[in-house]
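Hi,

Here is the structure I promised to pass on. Please open it first, then read my notes below.

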Amino acid sequence: MTTAQWLLNLGLLVFILGSNLGTRTVTGRRLVLPLILALLAGFLLLSAAPASGNDTALAAIGACAGTALGIVAGIFMRLERRSDGSVASRAGAAYALLWILVIGGRIGFAESAAGWASGAVRDFSISNHISGGESWTAAFVVMALAMVGSRVLVTALRWRALPAGALPGGGGANQAAPQLPVIRA
C-alpha cells in the first residue's frame with residue numbers, strides 16, 4: 001500500500017469513529033452526508049475499475065459483504081427518542097471494534113497481498129479469472145461503499161420506526177417522526 005492509501009484508510013477510520021462514537025443527534029444531514037461522500041468516493045475510485053473475467057463477481061461479493069457489515073454496524077448503533085422529540089444515536093465499543101476490524105482487515109489484506117501472500121493471491125486470481133490488483137482494490141472500495149450505504153439505511157429505517165415522542169413543552173401530543181430527505185438517482 002502506498003502512503004496515500006494508508007492515509008486514506010486511517011483518515012476514513014478517524015472520520016467514521018469521530019463522527020459516530022458517543023451520543024449524536026440524528027438529522028437528515030447526518031444521514032445524507034456519508035452517502036454523498038460515498039458517491040463521490042465511488043465516482044473517483046471506481047471510474048476505471050476493471051470488469052473482465054470475474055472482476056464484476058468479485059465486486060458483487062464485496063458489495064454483499066459490505067452490506068452485511070453495514071447492517072451489523074447499524075444494529076450496533078443505538079437510537080432513542082429524546083424528551084424534546086429529537087432522536088439521538090449512540091455508538092460504542094462494539095461499533096468501533098467492527099470498523100477497526102473491517103478497515104484493519106482491508107489494510108492487512110493489501111499489505112499481505114503485496115508481501116508474504118502475493119503468490120497465493122496471484123494464484124487465486126488466475127484460477128478465478130480475476131484480472132489483478134485493481135480488481136481487488138475495486139472490490140474493497142465497493143465493500144466500503146456498501147457498508148456505509150447499508151449502515152445509513154439501517155439507521156434511517158430505525159429512526160423512522162421509533163415511536164413518536166411528546167412535543168417539547170410537555171403538551172402530551174404525539175410528534176410525528178421527522179421526514180427524511182428523498183434522494184433520487
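**What I found**

Leu-8, Leu-40, Phe-43, Leu-44 and Leu-45 together make a nonpolar surface patch of about 560 Å². Keep in mind that this is a predicted model.

Which helix gives the most to the nonpolar patch? It is helix H2, residues 28–46, with four residues. Phe-43 lies in this helix H2. Phe-43 has a relative accessible area of 61%. Exposed means over 50%, so Phe-43 counts as exposed.

Next, the helix packing. Two packed helices are described by the angle between their axes and by the distance between those axes. Look at helix H4 (residues 93–113) and helix H6 (residues 133–161). They pack at an angle of about 170 degrees. Their axes are 11 Å apart. Angles over 145 degrees count as roughly antiparallel, so H4 is roughly antiparallel to H6.

Which residues make the contact?

- From H4: Tyr-95, Leu-98, Trp-99, Val-102, Arg-106 and Phe-109.
- From H6: Trp-136, Phe-140, Met-143, Ala-144, Met-147, Val-148 and Arg-151.

Last, a loop residue. Find His-129 in the loop between helix H5 (118–127) and H6. Its phi is near 60 degrees. That is a positive value in a residue other than glycine. Is His-129 buried or exposed? His-129 is exposed, because its relative accessible area is 55% and the cut-off for exposed is over 50%.

Best wishes

Technical notes. Residues numbered from 1 in each chain as written. Predicted model: local features only at pLDDT ≥ 70, side-chain atom pairs only at ≥ 80, totals over all residues. Heavy atoms only, no water. Patch = residues over 30% accessible without salt bridge, like charges linked within 9 Å, V, L, I, M, F, W, Y side chains within 5 Å. Areas by Shrake-Rupley, 256 points an atom, 1.4 Å probe, with all protein chains shown as cover. Salt bridge = Lys/Arg side-chain N within 4 Å of Asp/Glu carboxyl O. Helix = DSSP H or I, 4+ residues; strand = E, 2+ residues; numbered from the N terminus. Buried < 20%, exposed > 50% of the residue type's maximum accessible area, 1.4 Å probe, protein only. Axes fitted to C-alpha atoms, helices over the stretch in contact; angles between N-to-C directions. Parallel < 35°, antiparallel > 145°, perpendicular 65-115°, else oblique. Contact = heavy atoms within 4.5 Å.
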